[in-house]
Protein chains: 2
Amino acid sequence: MAVDHTRFLTDLHTLRSFGASGVGKGVIRPAYSKADIAARQWLAARMAEAGLTPHVDPVGNLFGLADGPSLLMGSHSDSQPEGGWLDGALGVIAALEIARSSDRPISVVSFQDEEGRFGVTTGSAVWSGGLSLEQADVLIDGSGVTFGSARAEMAKKSQGFVDPVRFSGFIEMHIEQGPALDAAGEQIGVVTDIVGIRDMVITFQGQQNHAGTTPMHLRRDAFQALSLFNTRLNDRFRNVVMPQTVWTIGRVDVHPNASSIVPGRVRFSMQWRDGDPERLVRMEDIIRATAQQIAEEQGVTLTYGPMLGLEPVSMDPVLRGALESGAQAIAPGRWRNMPSGALHDATNVSRLMPVAMLFVPSIDGISHDFAEDTAEEDLVAGLRVLDRAVHSLEE
Amino acid sequence: MAVDHTRFLTDLHTLRSFGASGVGKGVIRPAYSKADIAARQWLAARMAEAGLTPHVDPVGNLFGLADGPSLLMGSHSDSQPEGGWLDGALGVIAALEIARSSDRPISVVSFQDEEGRFGVTTGSAVWSGGLSLEQADVLIDGSGVTFGSARAEMAKKSQGFVDPVRFSGFIEMHIEQGPALDAAGEQIGVVTDIVGIRDMVITFQGQQNHAGTTPMHLRRDAFQALSLFNTRLNDRFRNVVMPQTVWTIGRVDVHPNASSIVPGRVRFSMQWRDGDPERLVRMEDIIRATAQQIAEEQGVTLTYGPMLGLEPVSMDPVLRGALESGAQAIAPGRWRNMPSGALHDATNVSRLMPVAMLFVPSIDGISHDFAEDTAEEDLVAGLRVLDRAVHSLEE
């Protein structure tokens with residue numbers, strides 16, 4: 001049976017009616033919200049129609065299980081507080097359409113809380129063993145609700161965790177959430193690896209002073225230390241980074257943050273991402289050496305918060321090769337290999353089985369926004385690549 | 001009658017008992033607080049003992065009026081929320097001691113809200129006509145109280161505003177609140193001018209983006225724009241500024257201020273001070289040209305908030321000459337001419353009459369802090385210079 005493009009697009013639009021924001025195609029469907037739970041009930045019914053057995057696990061991950069061994073496909077159906085209609089949802093509905101049309105046994109999954117209302121990709125992190133249920137249950141959302149209490153209603157109806165041994169691998173289709181494919185006019189990205197990430201908080205402590213009576217040469221201005229650190233770091237990274245390497249100072253807290261007071265302290269986030277674990281280490285060395293040098297030169301003290309680290313994940317060569325063959329057949333000259341700069345559920349699932357990922361373009365690179373969108377022909381191209389890949393894996 | 005050093009120091013220590021913080025010699029005596037009002041009642045009694053007529057005006061400025069024409073001396077007795085014992089208080093008690101001991105008619109003043117619970121040097125600003133009572137009354141403190149309601153209790157007992165025509169000039173003694181005299185081991189600073197100040201808020205608006213999926217070359221990172229602006233501005237100022245020129249980025253607000261999001265907006269304060277009005281204008285030109293250039297280079301938009309501007313104020317040559325003669329007599333080789341980098345009540349009073357200012361050292365340059373202090377021999381040296389200056393003006 002061939003994939004049905006119309007049924008696929010219709011289901012995708014129906015899913016966005018759950019938590020529709022009324023602004024463009026945007027959705028408001030955070031994990032465990034009424035809209036999220038209703039969407040999962042609707043999905044479970046679609047899975048059952050497709051001959052799959054719906055299965056909710058204790059954290060609210062929804063599986064549609066094929067009988068016997070199968071390939072797992074899917075993504076997540078929860079959204080950001082102000083989210084787009086495709087982020088996660090695309091991968092779930094595409095998986096459903098492949099399961100409906102393929103001769104090969106395909107199971108479908110919608111992971112819970114990928115968007116991090118509580119943690120980071122919480123549902124797949126617990127299922128894969130990266131985060132224990134005890135650790136997860138004490139996580140708190142922005143309004144003080146615990147993960148434990150939020151999942152309680154779903155946990156009551158749970159049939160336990162699914163044994164991953166029944167799955168031979170996992171394929172996740174997703175929007176790129178960046179500008180590369182759209183800018184190049186391409187339709188498909190086959191992911192080579194999900195980049196690793198390092199994130200830590202750095203503090204420079206100088207001397208808070210009167211901004212009128214303290215001469216420039218006697219100041220130990222923490223903001224000036226940060227600015228100098230940033231300038232020198234950008235300069236030193238030039239010889240180390242690749243085009244896909246990114247680094248960001250996204251959070252800056254100045255103390256006491258008043259126009260007439262020389263800043264006494266600045267606390268800021270330093271985050272960097274790359275697909276090469278060795279480059280992540282070299283960048284860390286440069287960051288620490290530069291911060292130390294600035295601290296000595298500027299007469300400020302330097303402290304580091306704990307460093308968050310996630311290692312890069314390489315895609316499985318066999319699954320990735322099937323996606324590449326599919327891309328070459330459906331979108332010749334309009335696809336590329338590319339890393340994923342964002343985290344995805346596939347990062348966690350890679351602990352359990354081979355994984356691969358497929359991207360379609362995000363118009364203007366916009367995501368996590370009501371304005372997020374993708375041309376329907378590109379959505380369909382992605383579905384067709386998935387279909388080809390699954391066929392080729394059967395052979 | 002000679003100045004009485006012991007009586008002067010005793011009164012200065014008694015004044016710090018009103019709102020004593022219990023931490024070092026610190027005081028907590030913000031404008032219109034119970035401690036502030038009690039201190040002013042005690043001061044009024046001391047003024048009456050000295051043969052002066054206490055007079056409270058509608059905003060709570062406390063005068064001790066000599067009969068007929070007189071020289072006005074004083075400062076303020078309100079403090080910062082966590083203030084030192086000498087900031088303002090020194091000038092008021094020194095004026096009281098000079099009024100008690102001088103043969104010449106001396107009036108004494110303690111201005112209200114110099115420390116800016118509501119505005120900036122609010123009491124002297126209203127008295128001098130720089131700020132109307134209507135404008136002042138709607139000013140709000142940090143907890144939402146209006147100036148109008150805070151002054152109401154004192155206004156009931158007010159005898160109206162004092163006509164400034166009765167005063168021939170104003171001399172204000174103050175702690176330096178900076179490190180220059182202390183670092184040089186000097187006792188006296190004779191102020192040449194109070195520097196002018198410019199203060200405005202600048203906003204760079206770039207594009208908020210995902211910190212994992214947005215390549216470096218496609219970013220319009222507002223924090224990077226600020227850092228580059230700061231670096232280039234420091235560089236360009238080198239050829240324009242004098243050793244006493246200061247400039248400060250004291251407040252920085254990054255939006256949305258999250259480690260995984262490329263900053264979409266940064267709003268920051270830009271303040272600069274100098275004694276030369278032309279230099280203030282040249283610096284403004286450089287700031288605006290640099291910001292414009294950065295905005296164009298980085299693809300961010302640029303907006304300015306309203307600019308606060310206070311012109312530099314030169315001290316009166318006759319009053320200043322008298323202070324210089326006194327300094328030379330009391331502290332030969334241990335005094336200097338210097339600008340004031342901080343604002344003072346004298347800035348406002350200069351609208352009404354000739355003004356001059358005298359500084360004594362701040363240990364380690366510390367002020368607006370419980371740790372603020374000055375050696376007692378330096379306090380006495382300052383008193384003696386004032387005494388000499390008043391004598392020489394009589395001749």
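Helices H2(B) and H3(B) run roughly parallel to each other, a label for angles under 35 degrees. Here the angle is about 15°, and the axes of H2 (residues 34-49) and H3 (residues 89-101) of chain B are 10 Å apart. Axes are lines fitted to C-alpha atoms over the stretch in contact, with angles taken from 0 to 180 degrees between N-to-C directions. Helices are DSSP runs of H or I, at least four residues, numbered from the N terminus.

This is a predicted model, where local features need pLDDT of at least 70, side-chain atom pairs need 80 or more, and totals for chains, interfaces and linings use all residues. Residues count from 1 along each chain as written, chains are lettered from A and ligands numbered from 1 in the order written, and side-chain values use heavy atoms, without hydrogens and water.

Back to the pair in chain B. H2(B) contributes B:Trp42, B:Leu43, B:Arg46 and B:Met47 to the contact, and H3(B) contributes B:Val92, B:Ile93, B:Leu96 and B:Arg100; contact means heavy atoms within 4.5 Å.

Now chain A. H1(A) and H2(A) are roughly antiparallel, meaning an angle over 145 degrees. Their angle is about 155°, with axes 11 Å apart. A:Asp11, A:Thr14 and A:Leu15 of H1(A) meet A:Ala39, A:Trp42 and A:Arg46 of H2(A).

Last, the interface. 44 residues of chain A touch 44 residues of chain B. The buried area is about 3,600 Å², with 52% from carbon and sulfur atoms; that is the accessible area (1.4 Å probe) lost when two parts are put together, summed over both. How many salt bridges cross the interface of chain A and chain B? Zero by the rule, which asks for a side-chain nitrogen of Lys or Arg within 4 Å of a carboxyl oxygen of Asp or Glu.

Notes: Helices (H or I, at least four residues) and strands (E, at least two) are DSSP runs, numbered from the N terminus. Angles under 35 degrees count as roughly parallel, over 145 as roughly antiparallel, 65 to 115 as roughly perpendicular and the rest as oblique.
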